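Q: I would like to learn how to read a protein model step by step. Could you walk me through one?

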Amino acid sequence: MSLKNVRLEVMQHLEKDVDSLIEKYLIPVDSIWQPTDFLPNSEGDNFMEEVREIRELSKELPYDFWVVLVGDMITEEALPTYESWLMDVEGVDQGGRNSWGKWVRHWTAEENRHGDVLNKYLYLSGRVNMKEIEKTTQHLIADGFDIGTDQDPYKNFLYTSFQELATYISHNRVAKLAKDKGNKQLSKMCKIISGDEMRHHHAYCEFVERIFKVDPNQMMMAFQQMMKLKITMPAHFLRESGGKIGSAFEEFSNTAQRIGVYTANDYVDILDKLIVRWEIDRITNLSDEAEKARDYLMKLPSRLTRLSERMKISENSHQFKWVEPII
């Protein structure tokens, strides 16, 4: 049987539990927060006063902070790409509306709120060039992405397990920076987004755990393949208007690293956490090839740590079209 057919068989085997996992990890629409919970009430008499407060508080936040917040928002707004990608994964049936397709739709619906609330906040802040941001967002959706997972559910669930934890870290750190500058509302908003990301991280981790139980050899080798490829951010094709695909991503990453929002050390820490979470060192009855994959994974964190110690990040801020420099 081909690897593709084996993966499809595993996905069909696990599908019986997906509805219960939706109940475990996702929150009903009427119970979960909505963007309006964190934004001025446009129907209220104090709307303009609340907007002025946002604009005043926004003046206290530095240039690099806004670059990272914009980059995070654009990444969240490219959600149509992520949904269409996951809908094409082996075992996810959009036409037949199976339980895996239901998971993707409901997960997307929760994630969609993140871009909505950040977009509206940025618009009200008066600190960013919204038209340039909108152009970048449209480019990112139009350009799509290639994260090296193809239609393979094993690789896709590995990627999302890693990436959801990375976005938790990023939003959580932005929340702390906002709080330190006295912007409690923005801090609370980013903190609750990070909470969603952590919940989703646990869901995808459980998907991988369940695959390890039924197909440990191929799951182990998929893990190794993804780490050899390196987990890239979903916005790795990020570009500004007039720029080439991916031309803005390195500078955005440098900014996030420079202010401590997401660093090379975080990448290694996430890998460590996944190795522990999935008890990679304890999995038994592996094939010789899978054992070699495990050995590679167990040694990888220390090797990446040595590499990260030699990294040099520019101390100078790149001038993005998204944000006017503070004079």
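A: Gladly! Helices here are DSSP runs of H or I with at least four residues, strands are runs of E with at least two, and both are numbered from the N terminus. Please keep in mind that this is a predicted model.

Q: With that in hand, how many helices and strands does the protein chain have?

A: The protein chain has 13 helices and zero strands. Read along the sequence, the pattern is α-α-α-α-α-α-α-α-α-α-α-α-α.

Q: What does the radius of gyration say about the protein chain?

A: The idea is to compare the value with that of a compact globule: for 327 residues this would be near 20 Å, and the protein chain has 21 Å, which agrees. Along its principal axes, the C-alpha trace spans about 65 × 50 × 35 Å. Among contacts with a separation of 6 or more, 83% join residues 24 or more positions apart.

Q: How do I read the packing of helix H5 and helix H6?

A: Look at the angle and the distance between the axes. Helix H5 (residues 79-87) and helix H6 (residues 99-125) pack at about 170°, with axes 10 Å apart. Angles over 145 degrees count as roughly antiparallel, so H5 is roughly antiparallel to H6.

Q: Which residues of H5 and H6 meet?

A: From H5 come Leu79, Tyr82, Glu83, Leu86 and Met87, and from H6 come Gly101, Val104, Arg105, Trp107, Thr108, Glu111 and Asn112. The residues of this contact divide into six nonpolar, three polar and three charged.

Q: How should I think about the nonpolar core?

A: In soluble globular proteins, nonpolar side chains tend to be buried together. Here, the largest nonpolar core has 104 residues, and Trp103, Phe223 and Met227 have the most contacts inside it. Leaving aside neighbours within four places in sequence, Trp103 is in contact with Val18, Leu21, Ile22, Tyr25, Leu26, Ala203, Tyr204 and Phe207. In the protein chain, buried residues make up 52% of the 327 residues.

Q: Is Ser99 buried or exposed?

A: The cut-off for buried is under 20% relative accessible area. Ser99, found in helix H6, has 14% relative accessibility and therefore counts as buried. Apart from neighbours within four places in sequence, Ser99 is in contact with Glu15, Val18, Asp19 and Ile22.

Q: And Lys292, buried or exposed?

A: Lys292 lies in helix H13 (residues 288-309). With a relative accessible area of 61%, Lys292 is exposed. The C-alpha atoms of Lys292 and Ser2 are separated by 21 Å, while the two residues are 290 residues apart along the chain.

Methods. Residues are numbered from 1 along each chain as its sequence is written. This is a predicted model: local features need pLDDT of at least 70, side-chain atom pairs count only at pLDDT 80 or more; totals for chains, interfaces and linings use all residues. Side-chain values use heavy atoms; hydrogens and water are left out. Axes are lines fitted to C-alpha atoms, for helices over the stretch in contact, and angles run from 0 to 180 degrees between N-to-C directions. Angles under 35 degrees count as roughly parallel, over 145 as roughly antiparallel, 65 to 115 as roughly perpendicular and the rest as oblique. Contact means heavy atoms within 4.5 Å. Ala, Val, Leu, Ile, Met, Phe, Trp, Tyr, Cys and Pro count as nonpolar, Asp, Glu, Lys and Arg as charged, and the others, Gly among them, as polar. A nonpolar core is a set of buried Ala, Val, Leu, Ile, Met, Phe, Trp, Tyr and Cys residues joined through side-chain atoms within 4.5 Å. Buried means under 20% relative accessible area, exposed over 50%, partly exposed in between (1.4 Å probe, protein chains only). The radius of gyration is taken over C-alpha atoms; the globule rule is 2.2 Å times the number of residues to the power 0.38.
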